[in-house]
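Welcome, and please have your viewer ready. We will go from one selection to the next and see what is there.

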Amino acid sequence: MKPKSICLIGLLFFVLSYIMFSQGSKLAYFQKPIDFAHWFNLIGAVLLLSFNDVFPKNKLNFVASFLTTLGVIGHIGLCTIDFIMWSFGNDEIAKTELGNQISNTPSILYPFVIIGPSLLFVGLATHALNFIKTHTISTLMVIIGAPAVGFTFFVLKNGTYMVLSCILFALGLFLLLYRNEGRRILTK
């Protein structure tokens, strides 16, 4: 399978996971018989590693690839924590105890909950910077969408805005991924 196709599938899984996350209390529907939301997020994040291969190779790409890889590792850790939380079912006491344990363990909290997963967005936005002069709007969609996902989720606590931010982010990446195909169609 071509790297661009893998990127596209990753974006699809990633956006679908955020649509599921946006459902809030209805999220339980997407967690039976397995935690589909987090599986989609995990699969999407891992497939987004392919962006490291499809964008121009330069110094910025090296930094962006490093950040993206760290972000994927962070997502793997976060999804693992969420799978463990999910395994407790309705046992809110056990979930609270695990949450407290994680909060009191900086070596888990920072790389896998607070900073790590955000690096995926930072890395992909850094990749997008390669195109700021030639594909300004698509690049700005990624750069604005990346922090907007976190802001709308953690600060505004608004699932609808979170999904819209994720779609903006993913659409910008999609347009950058297929930036040359549009020109080829127009010149035929």
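Start by selecting residues 108-129: this span is 82% helix and 0% strand, and its end C-alpha atoms lie 30 Å apart. Helices here are DSSP runs of H or I with at least four residues, strands are runs of E with at least two, and both are numbered from the N terminus. The model is predicted, so local features need pLDDT of at least 70 and side-chain atom pairs count only at pLDDT 80 or more, while totals for chains, interfaces and linings use all residues. Residues are numbered from 1 along each chain as its sequence is written, and side-chain values use heavy atoms, leaving out hydrogens and water.

Next, select residues 37-55, where the chain is 79% helix and 0% strand, with end C-alpha atoms 28 Å apart.

Now show the rings of Phe-13 and Phe-40. They form an edge-to-face aromatic pair, 5.0 Å centre to centre with 80° between the planes (ring centres of Phe, Tyr or the six-membered ring of Trp within 6.5 Å; planes under 30 degrees apart are stacked, over 60 edge-to-face, the rest tilted). Phe-13 lies in helix 1 (residues 3-21) and Phe-40 in helix 2 (residues 36-47), so the pair ties together parts 27 residues apart in sequence. Phe-13 is partly exposed, at 23% relative accessible area (buried is under 20%, exposed over 50%, partly exposed in between, with a 1.4 Å probe and protein chains only).

Then move to Tyr-18 and Phe-21, another edge-to-face pair, at 5.6 Å centre to centre and 85° between the planes. Both residues are buried.
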